[in-house]
Amino acid sequence: MFVFCIESSHARGMGHLFRSLTLATELRSRGHSVLFLANDHPNSLRIIRERGFDVALYDLASVTGWENGFIEPDASSSVWINDRLNTQRSHSEAIRRLGAKLVTFDDRGDGAELADINICALLFEKTEGLRGKDVRLGVEYMILNPEIAPFRRLRQSLASILVTLGGADTYGVTVRVAKWLSNKPFPVTIVTGPSFQHMAELEEVVATAAPDRFKLLNHVPSMAAEMHGHDLAITGGGVTPFEACAAGLPCVVIANEPFEIPVGRALEGLGAAFFAGHHTAFDLGILEKPIPIRTMSETAMAKVDLGGVGRVADLLERLAA
């Protein structure tokens, strides 16, 4: 049994949800039982159920004392997976007392020390102090959607821009990006997610722009398929730019949260993206200069592959054995 404990909301964003769903789908395809635990966020609960997984609620305000109801009596082969960032020690101790294994993601909390595996594919600075019995660093452990595989292609030039800033876009960065792009010469497709709450402001920007400047889509059925039709993406600093790069789609990264700043810098260092800064003061001036789309596309596909979900699933299977 694999128990995924996630936090997903407008404030937190939905990256943890989609990463866990990708990994859970891989584990289910290998014959394993999966249970999701999630906070009370209707959009997230709906998505989990639509993917065919059982889900139960937990109280975000309760640090510990509730875990035993979700672990099987013989917990030695159970793996509890926290995708909530910083795990508190009391919660980790509760999981250990139940006899289950503990896996965390990108975890800098004091409870990470008790984790059997701390998978830190999205951490690129101050990694020396990361804790856990087995700490895995590197882009090779990035859990990316395998549906990207048939949509990989080499871009040749800049003809179309995709804007996708997360399932929630907590700070409404999409609206400000659209304003900046409204008088630029290239066509732009904007994709908003299931928890986007700034639609009225965005529609006002789109309505006042030149005809055919923007195409506005909400919650597309396949982001991988949508990415295929574009040559550059403007994204946040979570998993999305890595999925874009794996598809050969260069990115301009805007950090929604401070911890996303090192992500943007790391992708720029790989040669697969430009980092435009934190959302409070981003600069898209790079779009006014010639962009080496072909070179960036080649680099992106060479540096970011789709094998991470399989590598992580292998680790979890060995841990549960």
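Colleague: Where is D212 found?

Modeller: This is a predicted model. D212 is found in the loop between α5 (199–208) and β10.

Colleague: What makes D212 count as exposed?

Modeller: The cut-off for exposed is over 50% relative accessible area. D212 has 74% relative accessibility, so D212 counts as exposed.

Colleague: What is the phi of D212 near?

Modeller: Phi is near 70° there, a positive value in a residue other than glycine.

Colleague: Which loop holds H219?

Modeller: H219 is in the loop between β10 and α6 (223–227). Its phi is near 50°, again a positive value in a residue other than glycine.

Colleague: Why is H219 called partly exposed?

Modeller: Buried means under 20%, exposed means over 50%, and partly exposed lies in between. H219 has 36% relative accessibility, so H219 counts as partly exposed.

Colleague: Now the strands. How do you know that β8 and β9 pair?

Modeller: Pairing needs at least two bridges between two strands. Strand β8 (residues 161–164) and strand β9 (residues 188–192) have four bridges, so they count as a pair. The sense is parallel. V163 stands opposite I190 in β9.

Colleague: Which sheet do they belong to?

Modeller: An open sheet of six strands, in the order β10-β9-β8-β11-β12-β13, with parallel pairing.

Colleague: What makes β10 and β13 edge strands?

Modeller: Strands β10 (214–218) and β13 (273–278) each pair on one side only. From one strand to the next, the twist averages 15°.

Colleague: Which helix packs on that sheet?

Modeller: Helix α8 (residues 261–270), touching β12 (251–255) and β13. Touching here means heavy atoms within 4.5 Å. The direction of α8 makes about 155° with that of β13.

Colleague: What is the order of the sheet of seven strands?

Modeller: The order is β3-β2-β1-β4-β5-β6-β7, in an open sheet with parallel pairing. The edge strands are β3 (54–57) and β7 (135–137), each pairing on one side only. Here the twist averages 20° from one strand to the next.

Colleague: How do you know that β2 and β3 pair?

Modeller: By the cut-off of at least two bridges. Strand β2 (residues 34–38) and β3 have four bridges, so they pair, in the parallel sense. F36 stands opposite V55 in β3.

Colleague: Which strands does α1 touch?

Modeller: Helix α1 (residues 15–29) packs on the sheet and touches β1 (2–6), β2, β4 (79–83) and β5 (101–105). The direction of α1 makes about 170° with that of β1.

Key:
Residues are numbered from 1 along each chain as its sequence is written. This is a predicted model: local features need pLDDT of at least 70, side-chain atom pairs count only at pLDDT 80 or more; totals for chains, interfaces and linings use all residues. Side-chain values use heavy atoms; hydrogens and water are left out. Helices (H or I, at least four residues) and strands (E, at least two) are DSSP runs, numbered from the N terminus. Axes are lines fitted to C-alpha atoms, for helices over the stretch in contact, and angles run from 0 to 180 degrees between N-to-C directions. Buried means under 20% relative accessible area, exposed over 50%, partly exposed in between (1.4 Å probe, protein chains only).
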